[in-house]
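Hi everyone, thanks for coming. I'd like to walk you through one model today, going from the overall picture down to a few side chains. Here it is on the screen.

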Amino acid sequence: MKVINTKSVEYMPFFLSLTNFLNGSVWTAYALIKFDIYVLVSNGLGALSGALQLILYGYYYGSTPKKGDNNVAIKPSELQLSATSLV
């Protein structure tokens, strides 16, 4: 929910989502080969949640400001005025 509310993937690690998806996919494939419904359902849901996380990551990746981005607008309350003398 934090990704959707902030429209930013800053708090969502990409490799964790990717690993979640790959792990669920591999175990789902194993369950299909062995015809094990219990492993299939639980890991199928895991693969689905990993896929949804990757979709969210791709959708909101462009709207996340980069850490070294200097083009971020400064709020007037954060603006520091310098003391210069006009001599």
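Let's begin with the surface. The protein exposes about 7,400 Å², and 66% of that is supplied by carbon and sulfur atoms. Please keep in mind throughout that this is a predicted model.

How much of the protein is buried? Of its 87 residues, 17% count as buried.

Next, a look at the annotation. The UniProt entry, which is unreviewed, lists residues 12-33 and 39-60 under "transmembrane region". How do those two spans look in the model? Residues 12-33 are 91% helix and 0% strand, and their end C-alpha atoms lie 32 Å apart.

Which residues make the nonpolar surface patch? They are I37, Y38, V41, L45, L48, L52 and I55, and together they give a patch of about 770 Å². Is Y38 buried or exposed? With a relative accessible area of 68%, Y38 is exposed, because the cut-off for that class is over 50%.

Over to the aromatics. A pair of aromatic rings is described by the distance of the centres and the angle of the planes. The count here comes to one aromatic pair. The rings of W27 and Y30 have centres 5.5 Å apart and planes at 85°, so this pair is edge-to-face; the angle needed for that label is over 60 degrees.

Where do these two sit along the chain? Both belong to helix α2, residues 14-34. W27 and Y30 are three residues apart there, which means about one helical turn separates them.

And how accessible are they? W27 has 41% relative accessibility and counts as partly exposed. Y30, with a relative accessible area of 40%, is partly exposed as well.

Definitions and conventions: Residues numbered from 1 in each chain as written. Predicted model: local features only at pLDDT ≥ 70, side-chain atom pairs only at ≥ 80, totals over all residues. Heavy atoms only, no water. Patch = residues over 30% accessible without salt bridge, like charges linked within 9 Å, V, L, I, M, F, W, Y side chains within 5 Å. Areas by Shrake-Rupley, 256 points an atom, 1.4 Å probe, with all protein chains shown as cover. Salt bridge = Lys/Arg side-chain N within 4 Å of Asp/Glu carboxyl O. Buried < 20%, exposed > 50% of the residue type's maximum accessible area, 1.4 Å probe, protein only. UniProt positions renumbered as here; feature names shortened; annotations may be inferred. Helix = DSSP H or I, 4+ residues; strand = E, 2+ residues; numbered from the N terminus. Phe/Tyr/Trp six-rings, centres within 6.5 Å; stacked < 30°, edge-to-face > 60°.
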